[in-house]
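Please view the sequence and the model together before reading the points below.

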Amino acid sequence: MKKFLSNYKSTIILLVAIIVGAIVGIVFQEKATILSPLGDLFLNLLLVIIVPLIFLTITTSIAKMKQPKRIGKIIISIVGVFIFTSIIAVLIGFASTYFVKLVDTEDGEKIKASLEETAEETSDDEELTIAERTVNLVTVNDFSKILSKDNIIALLVFSIICGIAINMSGDKAKPFVNVLNAANEVINNIVKIIMYYAPIGLGCYFASLIGSFGASIAVGYLKTFIVYTVVSILFYFVVYTIYAFIAGGTKGIKKFWRNVIPSTLTSLATCSSAASIPVNIECTKKMGVPEDIAETTIPLGTSFHKDGSIIGSMFKIMFLVCLFGTSLATPGEVFGVLGVALLANLLVTAVPIGGGTISEMLIITMMGYPVAALPILTIIATIIDPPATMLNVVGDTASSMMVARVVDGKDWSKEDKNENEKIKEDEKTEVKV
């Protein structure tokens, strides 16, 4: 029990703060808006740390990357399987939310206007082509503009290029890398300090939000949690069973469900994909997945493959779509939303700390919503964290089975190989007799 409370302490505190904020907002209604400055303080702290957080975490992550000694076929298979399962996850996330109005409020425009008042708005009425908009999204024409939260995508691109350049520089860049690593450690500790204030900030923000716009948005959060939990359970039992069948037929299903429970329980107990790596690798090996595939797929999956987070991003996007009344009437708009959900995860999943906040900022930036909506997504991330982590971890397990199927064929399992070898030996013996 102590271990459970230790692992979930921060999540429990945030949830309690959000619930208390909701109660305060419902009881005191518009009077609760007096707490708005305390919520704005938390928002400002988050926004001011975004730029250095993105640059340092992504740059240092790429700078530390070393060329893994893997067989090319395994790496290619892992990439293919991850892309395939990520697309499945985002489609299911979209299908789960498209016909369910996560938040039902008549004050959508009022909320939007209120959020925009707290954000620094920059508008450009000039009509631009798609190509010009793309260029403006991924680049800026002055270095100082890179340091603005309004140019998150450009900052992300610059950080990736900087990390690659450090790798290309080799040992000559070591002094610079040391400085970046030290700065990154400081920034991560600043994030921890800010998160100490998160319960007060989010509680006050939520109280003010509900006080201004009624309890409908609180009902929206509850609906989001319930729908996400149901989707997670169905995804866990149905989709991963299908993946196991693709990998190994009925035998694959039996091996999967016979060995996946420890990974599942560990992910739910720790609420951490990284903490689940040792148990997940062991479970995967027990399923018969070769060691080189298991020990490659699981660690890479922890960084670059997150079914639960992708579905969660879809829920975050659709929550804002409902809140702001965004149109999804054309195929282009639908594909745009799907693309945002994928990119928001695939581009930042390797970031060890702060990746969730960066992902949420990417969603807000690419969808064109005010940055003041960030706490709304932070609350959603908090309430869906346990089931999302479970899908992230177990998704890597199922993926490793499919990678083994691609690399080693239908007889990828050690048990199957031993059984086939025994059958061949028996057949040879019978022929001799």
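Is Asp 171 buried or exposed? Asp 171 is exposed, with a relative accessible area of 60%, where buried means under 20% relative accessible area, exposed over 50% and partly exposed in between (1.4 Å probe, protein chains only). The model is predicted, so local features need pLDDT of at least 70 and side-chain atom pairs count only at pLDDT 80 or more, while totals for chains, interfaces and linings use all residues. Residues are numbered from 1 along each chain as its sequence is written, and side-chain values use heavy atoms, with hydrogens and water left out.

**Salt bridges**

- The structure holds 2 salt bridges, a salt bridge being a side-chain nitrogen of Lys or Arg within 4 Å of a carboxyl oxygen of Asp or Glu.
- Asp 171 pairs through its side chain with Lys 174, at 3.8 Å from N to O.
- Lys 316 and Glu 360 form a salt bridge at 3.0 Å, N to O.
- Lys 316 belongs to helix α14 and Glu 360 to helix α16 (residues 355–367), so this pair ties together parts that are 44 residues apart in sequence; helices (H or I, at least four residues) are DSSP runs, numbered from the N terminus.
- Lys 316 is buried at a relative accessible area of 8%, and Glu 360 is buried at 4%.

**Packing of α14 and α18**

- Two packed helices are described by the angle between their axes and the distance between the axes.
- Helix α14 (residues 307–324) packs against helix α18 (residues 385–408) at an angle of about 140°, and their axes are 6 Å apart.
- Axes are lines fitted to C-alpha atoms, for helices over the stretch in contact, and angles run from 0 to 180 degrees between N-to-C directions.
- The two helices, α14 and α18, are therefore oblique to each other; angles under 35 degrees count as roughly parallel, over 145 as roughly antiparallel, 65 to 115 as roughly perpendicular and the rest as oblique.
- In α14, Asp 307, Gly 308, Ser 309 and Ile 311 meet Ala 388, Leu 391, Asn 392 and Gly 395 of α18, contact meaning heavy atoms within 4.5 Å.

**A loop residue**

- Gln 29 lies in the loop between α1 (2–28) and α2 (36–64).
- Phi of Gln 29 is near 50°, a positive value in a residue other than glycine.
- Gln 29 is exposed, at 51% relative accessible area.

**Cysteines**

- The count of disulfides is 0, a disulfide being a pair of cysteine sulfur atoms within 2.5 Å.
- Cys 162 counts as buried at 15% relative accessibility, as does Cys 283 at 5%.
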